[in-house]
Amino acid sequence: MSAPSRLPTHRADGSAVYFRGVRVAPKMAAVTGGAVMVAGMSVVGGGVATADSGVWDKVAQCESGGNWSINTGNGYYGGLQFSPSTWKAFGGHEFASQANQATKSEQIAVAQRTLQQQGPGAWPTCGKRAGLTKSNGGADSNAQPGSRGDSASRDEVRTSPGKLAVDGKFGAATTRSLEAWIGVSQNGSLSSSDIRALQSKVGASADGKIGAETTTKLRAAMGLGGNGAWDFRSNYSTVKALQGFLNSGAPAKSAPAPSAPAAPAKSAPTSGTLVVDGKFGSATTRALEAWVGVSQDGSLSTSDIKALQSKVGASADGKIGAETTAKLRAAIGHGSNGVWDFRTSYSTVKALQQHLNG
């Protein structure tokens, strides 16, 4: 759909006038890295706000023609036309570096946080036309994606057939994939014995009960820092990271496979090899493995990560984190964007695919 010719009506720009009397403090990044959020807006353990998604569709139709992935170069992004400062201030960097790269559901969650703090006046013209109120918009400082009726704007580039939907919801499919990773029967129900197997896998006390230690150890196994969540199954950001981690090839590591002869290293695959879709799957993994000079099995192991870290000049500890991602982005000609794990960042993976194809 073509972009409207008029300027967006969204006025919230994250400047001091809109935050008067509110202390802004740094918030630990979840999956996609360093967001700055209004104090008291912790997303750890936050619930899903109830909203009439229809009212946000009306606002988006007015602001952007209903295009949730729009970027016209006018300085505002996504269906609800967020400025970069507002997107960052209300936790958007938890999901993507720009609003247009986030799903519809994620954009609405950030809008609900904005609505709670600034009211419908954040969209002075389109909010009024749509009849937006704090009540029907689900205003909530702790809003999380997933409100009923909110479909993703970019799910088609974040998942592929046979893989998990990266939606932050811990359901049967995610459970079965997790069970495959830890090497137990895949019945889609996490039993006490399954939890003990998970705890042994990640180095937590194997008591069969999920708590802060298990969640922290699981996040560490995925290359993430602790975020204070008690039960990872109910923490949107941790589940989303887990789904991306399992999609990246983690299940294949649950059972050792025979060693394959190392493939000869090459600088990068031939132009056109990879589809530039922002998905970090097995094809992208193999191309990255070729670039760093390790065996191309499509599964990024600890030794592979160490080789990557040495390649880009990061500390070779075998764990992907903010430093590794920043160094990788620098190696492919991009500045740091605050992302923690490059595999879950749409824009970083897309840039990497283009680099490997080049």
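Are Phe-95 and Tyr-236 buried or exposed? Phe-95 is buried, and Tyr-236 is buried as well. The model is a predicted one. Its chain has twelve helices and two strands, and 51% of the 358 residues are buried.

**Overall layout**

- Read from the N terminus, the order of elements is β-β-α-α-α-α-α-α-α-α-α-α-α-α.
- Among contacts with a separation of 6 or more, 57% join residues 24 or more positions apart.

**Aromatic pairs**

- A pair of aromatic rings is described by how far apart the centres lie and by the angle of the planes.
- The count of aromatic pairs comes to seven.
- One of these is the pair of Phe-82 and Trp-123, which is edge-to-face, with 6.4 Å from centre to centre and 85° between the planes.
- This pair links distant parts of the chain, 41 residues apart: Phe-82 sits in the loop between helix H1 (53–64) and helix H2 (84–89), and Trp-123 in the loop between helix H3 (104–118) and helix H4 (126–130).
- Both Phe-82 and Trp-123 are buried.
- Phe-95 and Tyr-236 also form an edge-to-face pair, at 5.9 Å centre to centre and with 75° between the planes.
- Phe-95 lies in the loop between H2 and H3, while Tyr-236 belongs to helix H8 (residues 236–247), so this pair ties together parts of the chain that are 141 residues apart in sequence.
- One aromatic cluster is formed by Trp-56, Phe-82, Trp-87 and Trp-123.

**Crossing of H9 and H10**

- Helix H9 (residues 282–292) and helix H10 (residues 302–312) have axes that come within 9 Å and cross at roughly 55°.
- The handedness of the H9 and H10 crossing is left-handed.
- On the H9 side the contact is made by Leu-288, Glu-289, Trp-291 and Val-292; on the H10 side it is made by Asp-304, Ala-307, Leu-308, Lys-311 and Val-312.
- By class, the residues in the contact of H9 with H10 are six nonpolar and three charged, with no polar ones.

- Ala-60 is placed in helix H1.
- The relative accessible area of Ala-60 is 0%, and Ala-60 is buried because this value falls under the 20% cut-off.
- Leaving aside residues up to four places away in sequence, Ala-60 touches Gly-65, Gly-66, Trp-68, Gly-79 and Leu-80.
- Between the C-alpha atoms of Ala-60 and Gln-81 the separation is 8.0 Å, and the two residues are 21 residues apart along the chain.
- Gln-81 is located in the loop between H1 and H2.
- With a relative accessibility of 4%, Gln-81 counts as buried, because buried means under 20%.
- Most residues other than glycine have a negative phi.
- Gln-81 is not a glycine, yet its phi is positive, at about 55°.

Technical notes:
Residues are numbered from 1 along each chain as its sequence is written. This is a predicted model: local features need pLDDT of at least 70, side-chain atom pairs count only at pLDDT 80 or more; totals for chains, interfaces and linings use all residues. Side-chain values use heavy atoms; hydrogens and water are left out. Rings of Phe, Tyr and Trp (its six-membered ring) pair if their centres lie within 6.5 Å; planes under 30 degrees apart count as stacked, over 60 as edge-to-face and the rest as tilted. Helices (H or I, at least four residues) and strands (E, at least two) are DSSP runs, numbered from the N terminus. Buried means under 20% relative accessible area, exposed over 50%, partly exposed in between (1.4 Å probe, protein chains only). Axes are lines fitted to C-alpha atoms, for helices over the stretch in contact, and angles run from 0 to 180 degrees between N-to-C directions. A crossing is left-handed if the near helix is turned anticlockwise from the far one by less than a right angle, and right-handed if clockwise. Contact means heavy atoms within 4.5 Å. Ala, Val, Leu, Ile, Met, Phe, Trp, Tyr, Cys and Pro count as nonpolar, Asp, Glu, Lys and Arg as charged, and the others, Gly among them, as polar.
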